[in-house]
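Hi there,

Here is the structure I promised to pass on to you. Have a look at it first, and then read my notes below.

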Amino acid sequence: MQEIDGTHSNRLHIFYLKIIIKRKEKQERENFVKRYFQYLKEYKLQCILGPLSKWIEAVLELLVPLVMAKIIDIGVANGDLAYVFKGGAVMLLMGAVGFGCAVFCQRSASIVSQGFGTNVRNALFRHINTLSYRELDKIGSSSLVTRTMNDVNQMQTAVAMIIRLVVRAPFIAAGSVVLCLLLDWQLGLIVTAISVAVGLVLWGIMHKTVPFYTRNQKRLDRLTQIAGDNLEGARVVRAFCSQDKERARFDAAADDMLDNSLRIGKISAWLNPLTYALVNFGVAIVLFISGFKVNAGNLTSGEVIAIINYTAQILNAMIVISNIVSLFTKAYASMRRVSEVFDMRSSIDEGGNAECDLQAPAVEMENVSFSYAGTDQYSLQNISLRIGRGSTVGIIGGTGSGKSTLVNLLPRLYDASEGNVKIFGHNVKEYPTRNLRFLFGIVPQNAGLFSGTVRSNLYWGKENATEEEMETALKAACAYDFIQEKGGLDQPVTEGGKNFSGGQRQRLTIARALVARPEILILDDSCSALDFTTDANVRANLAAMKDVTKILISQRASSIRSADMIYVLQDGEIVGQGKHDELYASCELYREICDSQARAEA
């Protein structure tokens, strides 16, 4: 008895759980409509007139079989040629008006869908740029590209179909059923039963394919990621002769997507055959029964032809609806993925309204620990340091010791998990984010340049920089001479700066940071591609900037040995600090680094 009660309770629990899930899905759909409706507001007129014109075309299309029935029953039956011509002229006029309405609707749909796609894409791009590194790391750049381009394209196509066909196809189907019922209620019931059966087939297909479309987009993310890796790292792939390996990796991802697409295709392939079979079966029954009705005088030949025409219109409408269902299933999956990005909120808020105190230490860290999203393992642990304004600080350590992570906390690209990070006397969270980052000039590990010109790249450091300021920054970065040789500030820069060598790109990124004359300059291993002479010249030029606080991350001990303070990191912890001579005597890891590099140089 208790087992029966338990089973009954479990069934009730599952039943209520399904109700809750359905309510959540309904609420989710309503939220989607509210969210994306705002991107259509500027196209209200087209959104109203476009479907209205399509509805007029549908009404005229529904009236054509009735006019034809009259022509047959009156004009042809009585040999009234004038009536036939008059009816034909009416049909031609209806066709011309319907054609004009269709063209107007098509134009409106194009304007609205393209505008909608542009608005959503712009809003999505703006939102992505508000997210912190933590959120960007979670989604991944390849997935963001796919969502911004492919997923929004799916939504854009769905909007066009809503305006063009969503009003017309259901109206044609429903109107044809109603008119069949009015012409002959018995035949109308048969047509109605066939329409309901087709509708159930459409619902079943849609219900089965929705999960697969969502998976397909994820597999497309994977394909985009692999393609992006190979295009960006083409030189590395060829250098290691890994073309076959990468091709196999791409083929595996493509086959995975193919398998999922085939599953969708196998299910969707039932749409048209089942639809045609059901409707043609209905036509056969209508023809069979109408033959008896015509012989009995209960139905005219024109009315039979009208009913057959309406049945054919239902068939065409259902085929259109089946294609719309397939399209909307894709669009709904894409909409959920785009909404997932919109629903993300940056873990870094806009901060307060603090202003920097240039008399305070440039950087202070108090017991700072940090872990990346999705892991409990700390990349930095119990970091405490103090950097005075205008001083030069070197940070050295092995790969993965946390050097780049540490400096990423200063301009608040990430927030510390524990502890306090202070810049010029205030916690970084107390600054407006934009104002905080204006204090920094950051030269990242990867010397990333943007397509354009040398001048446009330097404008990233300071939007209104003068030519004199640019030349000064280029000279300080030891980049002025080769830029002049190549053609000056208006020398083109290809995608990623591939028309410059690695060392030239690094010097240009240093110049980009120096243009703004930042209070704190961070060089994250950004001289690794420079020869020792150029590296020494760049460091000498930076040393002359007395008011700029310089934080140098380097794998070369020689690059930081003259720093005012050197911090040695190992496994996310500071294991040594002091000047070069002090550290060489007291820190075993630093001594090993110096000795190994000295032997290599010898």
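Leu52 is partly exposed because its relative accessible area is 41%, between the limits for buried (under 20%) and exposed (over 50%), with a 1.4 Å probe and protein chains only. This residue lies in helix α2; helices are DSSP runs of H or I with at least four residues, numbered from the N terminus.

This is a predicted model, where local features need pLDDT of at least 70 and side-chain atom pairs count only at pLDDT 80 or more, while totals for chains, interfaces and linings use all residues. Residues are numbered from 1 along each chain as its sequence is written, and side-chain values use heavy atoms, leaving out hydrogens and water.

Leu52 belongs to a nonpolar surface patch with about 810 Å² of accessible area together (Shrake-Rupley method). Two or more residues each come from α2 (44–78) and α3 (81–128), and α2 gives the most, with six.

There is also a positive patch, formed by Arg215, Lys218, Arg263 and Lys266, with charges placed at NZ of Lys and CZ of Arg. Lys218 sits in helix α7 and is exposed, because its relative accessible area is 54%.

Asp535, in helix α18 (residues 532–543), is buried, because its relative accessibility is 1%. Beyond residues up to four places away in sequence, Asp535 touches Cys527, Leu530, Arg556 and Ser559 (heavy atoms within 4.5 Å).

Happy exploring!

Note on methods:
Patch = residues over 30% accessible without salt bridge, like charges linked within 9 Å, V, L, I, M, F, W, Y side chains within 5 Å. Areas by Shrake-Rupley, 256 points an atom, 1.4 Å probe, with all protein chains shown as cover. Salt bridge = Lys/Arg side-chain N within 4 Å of Asp/Glu carboxyl O. Lys, Arg positive; Asp, Glu negative; His and termini not counted.
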